[in-house]
Structures are given as structure tokens and as C-alpha cells.
Amino acid sequence: SVLAGFFCCMEVVVTVSVKSILTGETIQSELYFTPTDIFVNMSGVENGKYLLEISFGETLLSGEFSIE
């Protein structure tokens, strides 16, 4: 599984984190400098519910998803 994001025409530093909702453990966290495309490789991650957080500047976007 791969999660993908797109940022156009922005000069920003973006932090992308994936956390387990069950344990609160950070599964992945990456820092991107002026990204245009972001891909998070979720292969090998156990089934469960996760929280995706994308932050840049003072903006925080988050959402839950499941791997089954």
C-alpha cells in the first residue's frame, strides 16, 4: 500500500507522520523540503487503524485510515 500527496508551487517544509491509533507508536515520520509529490510506503505494516498527519507552517492536516 502507498499513500500519496501532492503539493504544487509551495516552498515549504512538510512533515508526514503515520501513527498507530491503538498504541500511539509512530510507524513512519519523514521530513520533505519543498515537495511536489509525497509517497508513504505502507507495505509490511500490520493490519490496523492509523493516523496520518501532514504538517507545514502552522497547518496540520490529519485523518484516520485502516489497513485490512
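Figure 1. Valine 13 sits in strand 2 (residues 13-20). Strands (E, at least two residues) and helices (H or I, at least four) are DSSP runs, numbered from the N terminus. This is a predicted model: local features need pLDDT of at least 70, side-chain atom pairs count only at pLDDT 80 or more, and totals for chains, interfaces and linings use all residues. Residues are numbered from 1 along each chain as its sequence is written, and side-chain values use heavy atoms, with hydrogens and water left out. Valine 13 is partly exposed, at a relative accessible area of 40%. Buried means under 20%, exposed over 50%, and partly exposed in between (1.4 Å probe, protein chains only).

**Figure 2. The whole chain.** The chain holds six strands and zero helices. Its elements run β-β-β-β-β-β from the N terminus on. Of the 68 residues, 26% are buried.

**Figure 3. A salt bridge between lysine 19 and glutamate 53.** The two side chains meet at 3.3 Å, N to O. Lysine 19 belongs to strand 2 and glutamate 53 to strand 5, so the pair links distant parts of the chain, 34 residues apart. A salt bridge is a side-chain nitrogen of Lys or Arg within 4 Å of a carboxyl oxygen of Asp or Glu. By this rule the count is one. Lysine 19 is partly exposed, with a relative accessible area of 27%.

**Figure 4. The largest pocket.** About 170 Å³ of space lies here. A pocket is an open set of points on a 1 Å grid over the protein atoms alone, where a 1.4 Å probe fits, with protein on both sides within 12 Å along at least five of seven lines; lining residues have an atom within 4 Å of a point. The lining includes Ser20, Leu22, Glu25, Val45 and Tyr50. Strand 5 (residues 48-56) gives the most, with three residues. By class, four lining residues are nonpolar, four polar and three charged.

Figure 5. Leucine 22 lies in the loop between strand 2 and strand 3 (26-33). Leucine 22 is exposed, with a relative accessible area of 80%. Its C-alpha atom is separated by 7.9 Å from that of glycine 48, 26 residues apart along the chain.

Conventions
Points joined across faces, edges and corners; volume = space filled by probe spheres on them. Nonpolar A, V, L, I, M, F, W, Y, C, P; charged D, E, K, R; others polar.
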